[in-house]
Amino acid sequence: MEEADILITGCTILPMSSKMTIQDGVIAVKDNKIVFVGKRSSAGNIHAEKKIDARGKVALPGLVNCHTHVAMTLFRGIAEDKPLNVWLRRHIWPLEAKLKKEDAYAGALLGCLEMLKNGITCFADMYFCEDMVAKAVSESGLRAVLAEGIIEAGNKTKGEQMLSKSIEFAKKFYGNTNGRIYVMLAPHAAYSCSPELLQKIRENASKLEIGVHIHLAESAEMFKELEANYGCSEVEFLDKIGFFEGHTLAAHCINLSDMDRRILAGRGVNVVYVPVSNMKLGLGIARIKELIELGVNVAMGTDSPASNNVLDMFETMKFGTLLQKLAYMNPEVLPAYETLKMATVNGAKALGLERSIGTLETGKKADVILVDFSKPNLKPLHDVYANIIYACHGGDVDTVVVDGKILMEQRQLNTLNERAVIEKAERHAANLLPRKP
Ligand SMILES: [Zn+2]
């Protein structure tokens, strides 16, 4: 008899290693790894202390949110219906100037709570006070790729200081929290960091053997400004200075020329499609079909609740595919299975974690979610992928396992105290607004 720690039985499994589904499936978890995935009839006799009867549920890999600023959860609903430039300069940056470590921690905890309840098991984050995000990740039990943000905005000394801080963070947190925290370096954008600083960031990332997370081609206005300054597009400019020579996670990628797309494909840049935030800020539509046809790995992200306003990848997946169908006036673009791949397999690859997470396979880390398919919005069941993408929302997630630990079971949380997290966030949000800079 084989021994496991957790045995999940009776569910439909979407392993996401192929389109095949497993009916009456079994998932066995030992320590932090998946030791069996398959049909009950071929599972043999596996013994486990903890058994989860998952009949009527669908198991899939935990969702991967490849772009957010989780501490900004505190800013939800604070600056609505504004253009990016005004939103950033008049609302968000002044608020950030007042933000203290404890505020960032309260926001990050709230964001982690929300993601956990919505079945997001891994996320990529860039912001300030990232050690506070690491603390929230550690306490919530989630997995994350964190980066202390770097923004120069014409101030060289500030840029240098932020780079040092960012390197220090990366060294300190690399492999932290039982290997659940991974790190990157994160320059805010090509328009807010000088070429010299961007090159230094890439050099340091290469030395540390880590990736770089950046906002890319998000705004047409900034795009024009950069073009006027450097005589070429944002992507061409970054390519020229060698910025793409190494693992790159590029969020948005809306304003791209054919040449830009070919550069991204040639350099193996991982694109994060952020449909809800792009729509909300009225920035444009990323041409995902062309990127996929060129072989670019495209993942998905929510962005922060200041521009989304929820951390729900089910909603992001639905908006994401609908927007593409509309953009190309073609309902066949980005089918349900391909969309789910973007939030699982492609997300894992975009973070350089494809060997550990993104699919339900033996030997992978046990990041598993169970979706409750007894809900009225998920009946009847004709096409499981269609129900996941077009009919499901975060609240349908019943159970969440990360790194072999059950973080939520039947919507009951094991790591975070929901009420305490919410009260703390409300207190900090109320204090932050009237505070003098
Ligand atoms: Zn962002």
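Which residues does the domain assignment of the protein give to domain 1, and which to domain 2? In this predicted model, domain 1 takes in 2–61 together with 360–411. Domain 2 covers 63–350. The C-alpha centres of the two domains are 29 Å apart.

The domains touch. Domain 1 brings 21 residues to the contact, and domain 2 brings 24 residues. On the side of domain 1 that touches domain 2, at least two residues each come from strand S5 (57–61), helix H15 (384–391), strand S15 (397–402) and strand S16 (405–409). H15 gives the most to this side, with five residues. Sorted by class, the side of domain 1 that touches domain 2 holds 15 nonpolar, two polar and four charged residues.

A helix pair was examined next. Two packed helices are described by the angle between their axes and the distance between the axes. Helix H2 (residues 101–117) packs with helix H16 (residues 418–432) at an angle of about 140 degrees. Their axes lie 9 Å apart. H2 is therefore oblique to H16, as angles over 145 degrees would count as roughly antiparallel. The crossing of H2 past H16 is left-handed.

Which residues of H2 and H16 make the contact? From H2 come Glu 102, Asp 103, Ala 106, Gly 107, Leu 109, Leu 110 and Leu 113. From H16 come Glu 418, Val 421, Ile 422, Lys 424, Ala 425, His 428 and Leu 432. By class, the contact of H2 with H16 contains eight nonpolar, two polar and four charged residues.

Methods. Residues are numbered from 1 along each chain as its sequence is written. This is a predicted model: local features need pLDDT of at least 70, side-chain atom pairs count only at pLDDT 80 or more; totals for chains, interfaces and linings use all residues. Axes are lines fitted to C-alpha atoms, for helices over the stretch in contact, and angles run from 0 to 180 degrees between N-to-C directions. Helices (H or I, at least four residues) and strands (E, at least two) are DSSP runs, numbered from the N terminus. Angles under 35 degrees count as roughly parallel, over 145 as roughly antiparallel, 65 to 115 as roughly perpendicular and the rest as oblique. A crossing is left-handed if the near helix is turned anticlockwise from the far one by less than a right angle, and right-handed if clockwise. Two residues are in contact if their C-beta atoms, placed from the backbone, lie within 7 Å. Ala, Val, Leu, Ile, Met, Phe, Trp, Tyr, Cys and Pro count as nonpolar, Asp, Glu, Lys and Arg as charged, and the others, Gly among them, as polar. Domain bounds come from an automatic or database domain assignment.
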